[in-house]
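Visitor: I'd like to see how the labels on a model like this get assigned. Can you walk me through them?

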Amino acid sequence: MFKYVIVFVVIASGFSFRDNVDTNAKIKAVFLYNFTRYFEWPDAKKSGNFQIQVVGTNANLIKELNEVAIKKQVGNQKIELINTPIFDGSKPPHMLFLLPDASKALPDAITKLKGKGTLIISEKEGAAKTGSAINFVVIDNKQKFEYSKNSAVKAGLKTSEDFKSLAIAVD
Amino acid sequence: MRNTYLIVVLSLVSALSTSLYAQNDKFNRAQELYAAKNPEAAKPVIDSVVRHAETKKDPMAWALRGYIYYDIYKKTDKLKLNSALRDSSVKSLMIAQSLKPDAEIRKNIDVLVKNYAQGYYSIVKTLLQDSSNFERSQTAFKKYKELYSKVDSTFDFKQKDIEYYSAVGSQFSDKFNNDNTKSQFGEIGKVALMKVIELDPKNISANINLGIIYYNQGVNLINQMDLDTPLDKLEIIQDNSAKLFKQSLPFMNKVYQLDPKNLKALESLRQIYQALNDSEKSIEFNKKLEEAKKAK
């Protein structure tokens with residue numbers, strides 16, 4: 001007498017990551033921008049663009065840092081991002097980040113940039129003990145950083161004591 | 001005196017018979033109107049029949065009332081979650097069943113009640129797909145199960161539960177994954193997918209979708225972070241996102257165990273380990289992913 005039809009609820013199964021987001025790149029970009037607040041650069045570096053040089057390859061990080069350069073300033077200085085495959089030291093930037101694939105250049109950078117007001121940042125085990133002022137490390141699945149106050153001072157930077165308490169101090 | 005008594009008794013019998021005949025006439029009238037596809041006119045007639053003392057225990061009258069109300073419901077209330085017509089019809093059919101009608105009527109009543117149950121299931125679908133209303137869809141699903149179990153008390157709803165909660169999980173996880181401001185959808189998706197996994201631990205789709213929700217929640221925390229976020233707060237955000245990434249792992253690992261060549265699981269594991277800063281494992285799963293892709 002009565003006919004009924006079974007209606008299945010069929011909805012396409014979803015599978016969508018957040019656009020292959022590189023969370024590490026975003027976190028590093030926030031770290032790098034934060035670092036600019038804890039140091040004072042020499043007077044000679046307080047005019048012109050604030051230069052952040054990244055040596056090596058990391059497209060996602062460069063993309064994030066470009067966002068930083070567009071949206072933010074350091075004091076009155078505009079941020080200028082420079083990405084190079086190798087380090088030559090011809091023009092000392094305010095911050096130099098040697099990516100893992102460029103970490104071999106660390107000794108050369110330390111020598112060439114000594115006292116020139118460049119904050120050297122690296123991402124290589126033990127680098128903070130061999131001349132890098134800041135070295136990214138991974139601890140408990142999280143991005144952290146080692147800090148060498150001595151290296152920052154040798155670079156000609158004035159540092160904040162608060163900064164040491166936020167880092168893994170190596171000296 | 002004796003004659004007087006007899007007259008009184010006969011008068012009473014006559015009155016009762018007249019009343020019964022009147023109710024039978026009304027029943028027949030309601031049946032005619034129903035057959036003539038005029039349920040609106042049949043409704044008050046059958047209502048008076050089932051209210052009358054002589055016929056209120058007639059299963060046929062109650063069954064006919066159920067059918068008449070069903071015909072009106074079909075026209076006006078079929079897509080409504082709450083319908084007084086549906087409720088009255090079902091109640092009438094249940095009363096008819098309790099009064100033990102003949103087998104043919106019993107069978108027809110069962111079919112009609114199942115039809116009502118399927119109507120609720122259609123509403124479940126509409127509420128989910130058209131308006132993403134989880135609470136109302138859940139109410140409709142509950143009513144579907146209640147009605148269906150009235151006519152088939154041994155029916156195992158496990159597959160239906162899996163089907164329903166999978167649909168809810170997919171629908172809401174999709175909505176959340178496509179719009180990170182819809183965190184409430186992510187929570188609904190999680191609860192539904194957990195339910196599926198509770199019923200069917202090896203359900204690949206539910207495990208993957210649940211893993212993705214947790215992963216995306218972790219990503220959201222980082223994506224929503226402002227560039228000015230202070231370092232101490234950044235530490236907390238990393239803590240919370242790492243917890244979510246770790247929560248997504250068991251679900252993806254489960255799929256990987258069940259199906260080591262599952263591309264979605266391999267891709268997910270690569271991403272999750274990358275987010276957890278475990279580049280060694282991320283590279284390992286990337287390699288497995290590439291191999292699996294080549295093999296397909």
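Visitor: How do the axes of α3(B) and helix α4 (residues 84–98) of chain B come together, and at what angle do they cross?

Guide: The axes come within 8 Å, and the crossing is at roughly 160°. Before going on: this is a predicted model, where local features need pLDDT of at least 70 and side-chain atom pairs count only at pLDDT 80 or more, while totals for chains, interfaces and linings use all residues. Residues are numbered from 1 along each chain as its sequence is written, with chains lettered from A and ligands numbered from 1 in the order in which they are written.

Visitor: What makes α3(B) roughly antiparallel to α4(B)?

Guide: Axes here are lines fitted to C-alpha atoms, for helices over the stretch in contact, and angles run from 0 to 180 degrees between N-to-C directions. Under 35 degrees counts as roughly parallel, over 145 as roughly antiparallel, 65 to 115 as roughly perpendicular, and the rest as oblique. The pair crosses at roughly 160°, so α3(B) is roughly antiparallel to α4(B). The crossing is also left-handed (the near helix is turned anticlockwise from the far one by less than a right angle; clockwise would be right-handed).

Visitor: Which residues of α3(B) and α4(B) make the contact?

Guide: Among them are B:Trp62, B:Tyr69 and B:Tyr73 of α3(B), and B:Leu85, B:Leu93 and B:Ile95 of α4(B). Contact needs C-beta atoms, placed from the backbone, within 7 Å. By class there are 11 nonpolar, four polar and two charged residues (Ala, Val, Leu, Ile, Met, Phe, Trp, Tyr, Cys and Pro are nonpolar; Asp, Glu, Lys and Arg are charged; the others, Gly among them, are polar).

Visitor: Why are α3(B) and α5(B) called roughly parallel?

Guide: Helix α3 (residues 59–76) and helix α5 (residues 103–129) of chain B pack at about 30°, with axes 11 Å apart. That angle falls in the parallel class, so the two are roughly parallel to each other. B:Pro59, B:Ala63, B:Gly66 and B:Tyr70 meet B:Ile105, B:Ile109 and B:Leu112, giving six nonpolar, one polar and no charged residues.

Visitor: And why are α1(A) and α2(A) oblique?

Guide: The axes of helix α1 (residues 23–35) and helix α2 (residues 59–71) of chain A come within 8 Å and cross at roughly 45°. That angle lands among "the rest", so α1(A) and α2(A) are oblique to each other. Their crossing is right-handed.

Visitor: How do you know that β2 and β4 of chain A pair?

Guide: Pairing takes at least two bridges found by DSSP. Six bridges join strand β2 (residues 50–55) to strand β4 (residues 77–84) of chain A, so by that rule they pair, and they run parallel. Strand β3 (residues 73–74) of chain A pairs with β4(A) in the antiparallel sense over two bridges, with A:Gln73 opposite A:Lys78.

Visitor: Why do β3 and β10 of chain A count as edges?

Guide: The open sheet of eight strands has the order β3-β4-β2-β5-β6-β7-β8-β10 in chain A, with mixed pairing. β3 and β10 (168–169) each have a single partner strand, so one side of each is left without a neighbour in the sheet.

How values were computed
Helix = DSSP H or I, 4+ residues; strand = E, 2+ residues; numbered from the N terminus. Contact = placed C-beta atoms within 7 Å.
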